[in-house]
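Here is a short briefing to read alongside the model. Have the sequence and the 3D view open as you go.

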Amino acid sequence: MSLLGNDQAWLVAAHLPTTPALEQRPHPEELLAGKHLLRRGKDGQALKDRGTYQRLACQLRDRLTEVRCILPELDRFARKLERFAGTAS
């Protein structure tokens, strides 16, 4: 289970064309595996290793402003982080 719930969908959005419906899609990591951005295990399931996710997250960071305009849950999450960062200093 994902800690953020939608983080896999957000990674997909940074690498593939998307719509707001992506956040409701079950198993968005399968889209990443289908585009060979994630490897598959012997059982055919997408492998979600930490190193690959860190690499994919760099692209999300670079496209965050653009992707936030498409995905409402990502925008809400980012706004919460921004509010917290503003009160933490």
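In what order do the elements of the chain run from the N terminus on? They run α-α-α-α-α, and the chain has five helices and zero strands. Helices (H or I, at least four residues) and strands (E, at least two) are DSSP runs, numbered from the N terminus.

This is a predicted model, in which local features need pLDDT of at least 70, side-chain atom pairs count only at pLDDT 80 or more, and totals for chains, interfaces and linings use all residues. Residues are numbered from 1 along each chain as its sequence is written, and side-chain values use heavy atoms, with hydrogens and water left out.

**Overall picture**
- The C-alpha trace of the chain spans about 45 × 25 × 25 Å along its principal axes.
- Of the chain's 89 residues, 34% count as buried; buried means under 20% relative accessible area, exposed over 50%, and partly exposed in between (1.4 Å probe, protein chains only).
- Among contacts in the chain with a separation of 6 or more, 41% come from residues 24 or more positions apart; contact means heavy atoms within 4.5 Å.

**Helix α1 and its partner α3**
- Helix α1 (residues 7-15) is mostly covered, with eight of its nine residues buried.
- The buried residues of α1 include Trp10, Leu11 and Val12.
- The axes of α1 and helix α3 (residues 50-62) come within 8 Å and cross at roughly 60°; axes are lines fitted to C-alpha atoms, for helices over the stretch in contact, and angles run from 0 to 180 degrees between N-to-C directions.
- The two helices α1 and α3 are therefore oblique to each other (under 35 degrees counts as roughly parallel, over 145 as roughly antiparallel, 65 to 115 as roughly perpendicular, and the rest as oblique).
- On the α1 side, the contact is made by Gln8, Trp10, Leu11, Ala14 and His15, and on the α3 side by Tyr53, Leu56, Ala57, Gln59 and Leu60.

**Alanine 46**
- You will find alanine 46 in the loop between α2 (29-34) and α3.
- Alanine 46 is buried, with a relative accessible area of 10%.
- Not counting residues up to four places away in sequence, alanine 46 touches Glu29, Glu30, Ala33, Leu38, Arg39 and Arg40.
- From C-alpha to C-alpha, alanine 46 and alanine 13 are 17 Å apart in space, and they are 33 residues apart in sequence.

**Cysteines**
- The structure holds zero disulfides, a disulfide being a pair of cysteine sulfur atoms within 2.5 Å.
- Cysteine 58 counts as partly exposed because its relative accessibility is 33%.
- Cysteine 69 counts as exposed, at 68% relative accessibility.
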